[in-house]
Amino acid sequence: MAPGLDELGVMLAYAPLHHLLLSSGPRILVMTSGNRSEEPIARDDQVARERLAGIADAFLSHDREIHTRADDSVVRIVATEPQPVRRSRGYVAGAIALPFEGPALVAVGPQLKNTVCLVRRDEAFLGPHVGDLDNLEAHAFFDEVIGKLSRLLGVRPEAVAHDLHPDYASTRWALTCGLRRVAVQHHHAHVVSCVVDARPTHSGAAIGVAFDGTGCGPAGDLWGGEFLLFDWRGFDRRGHLRAIALPGGEAAIREPWRLGLAVLRDAGLSEQPLLGSIDPVRRARVGQLLGSAVRATGAGRWFDAVAALCGFAGAISYEGQAAIELEARAAEVPEPYVFELVGEPFAADLRPAVREMAGDLVGGRPSSEVAGRFHETMARIVAAGCGRIREASGVRTVALSGGCFQNRRLTERSLALLEADGFDVLLHRRVPPNDGGVSLGQAAIAAARLGEKGHHVSRHPR
């Protein structure tokens, strides 16, 4: 079902119909949500037959119409406790406490793994999983969720919180809805969502580590490997991962070997020994793009690049595939590669690590051990970056957020290193660390900025 992975997913039978099918139906059942990937769940029989034709072997219909669709929730055990990957059925629309009151507002979330969040006084209500806002059906569901959640809670929003990225469909909705707008930087929303999730009573500043794929920085640059000193209203960027070229833009995300080529060239190495299976003409053409390619600090792109060096040579078939397979492959090797924190704000320079990785792989060291060493390196970077910020600020509370912290190995090693160094570490437990939790962070930040009781201790709100 999922080649290259080392885990099985278990679906709990939560409806009486599931028990009937399991007790008297076919011996083997393959169950998933009634939708194509990242489309909303089909709500009526005709739509289901049209969209799922050729996928489902049979359709079991009913005369009771579906009033409100909700995707299945997904959780993973991280650091011995459940952590949501997708928060929807069974959790929505439970209230999440805020430490202050804000005006009635709606936060519209990001483009991918979209959720929306409504604030009613000192409570935030995260809506069901909407999905990626890349098609008309998802955008219609996005509108539907805002309307239904508002009516259910009796909230008439006075303001809207949205991402800085101008091309997100959710941002475009916010710009045209006629409400007062609060723009929130993507990674600030990530780390605030972690604080609201894990410790909503926290006041004052905290260190935030936001590791994901890409998000829009205040100047329109691409962030994704960020170290922030932040509070409810603002943040200072204190560090980041070294930026990596994205030759071909989105094509580099779909074909991780492009990122492997980018980091090898950046480290002054030839790509031939490790990427020799890629057509040399294609490699040459992509190499010509490196000088003019947009650059991003995204941690997810570094995981993709290392996966390519370790042998992931194809195109991805689902989001995060290369990084997920790298985690599954990684052996327990507590030996990091060399890196440096340079400059102010610091950049975590991984070029020495790339040189060591290439040497290991060319020398015949198993890719599983290289993958394990890379995970250890990223965890050491998290600990070292937080240590540097603590030296300058005295802050010892750390929030870990962003899609990369769905990676159990990265999260658990970072947690162990930070706690051993005396940090107080916050992890996601009720909402996802991925983009499914961003709207909660947006809502809390907007409530703090607009409400009278929001605390403000940061010196440079962005």
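## A mixed sheet and its helices

Strand β3 (residues 95–107) and β5 run parallel and are joined by 3 bridges. Strands are DSSP runs of E, at least two residues long; helices are runs of H or I, at least four residues long; numbering starts at the N terminus. Two strands count as paired if DSSP finds at least two bridges between them. Leu105 stands opposite Ala159 in β5.

This is a predicted model: local features need pLDDT of at least 70, side-chain atom pairs count only at pLDDT 80 or more, and totals for chains, interfaces and linings use all residues. Residues are numbered from 1 along each chain as its sequence is written, and side-chain values use heavy atoms, without hydrogens and water.

**The sheet.** The sheet is open and has 4 strands. Their order is β4-β3-β5-β6, with mixed pairing. β4 (117–126) and β6 are the edge strands, each pairing on one side only. From one strand to the next, the twist averages 60 degrees. Angles run from 0 to 180 degrees between N-to-C directions, with axes fitted to C-alpha atoms, for helices over the stretch in contact.

| Pair | Bridges | Facing residues |
|---|---|---|
| β3 and β5 | 3 bridges | Leu105 and Ala159 |
| β5 and β6 | 5 bridges | Ala159 and Arg180 |

**Around α4.** β5 (residues 159–163), helix α4 (residues 169–176) and β6 (residues 180–184) form a right-handed β-α-β unit. Right-handed means that, with the strands pointing away from the viewer, the path from the first strand over the helix to the second runs clockwise. α4 lies across β5 and β6, at about 150 degrees to β5. Its buried residues (under 20% relative accessible area, 1.4 Å probe, protein chains only) are Ala169, Ser170, Thr171 and Ala174. Their cover includes α3 (136–153), β5 and β6. Gly178 follows α4, with a positive phi near 85 degrees.

**Helix α10 against α11.** Helix α10 (residues 299–309) and helix α11 (residues 321–329) have axes that come within 8 Å and cross at roughly 65 degrees. The crossing is left-handed: the near helix is turned anticlockwise from the far one by less than a right angle. In contact (heavy atoms within 4.5 Å) are Phe303, Asp304, Val306 and Ala307 of α10 with Ala322, Ala323 and Leu326 of α11. These residues divide into 6 nonpolar, no polar and 1 charged. Nonpolar covers Ala, Val, Leu, Ile, Met, Phe, Trp, Tyr, Cys and Pro; charged covers Asp, Glu, Lys and Arg; the others, Gly among them, are polar.

Methods. Buried < 20%, exposed > 50% of the residue type's maximum accessible area, 1.4 Å probe, protein only.
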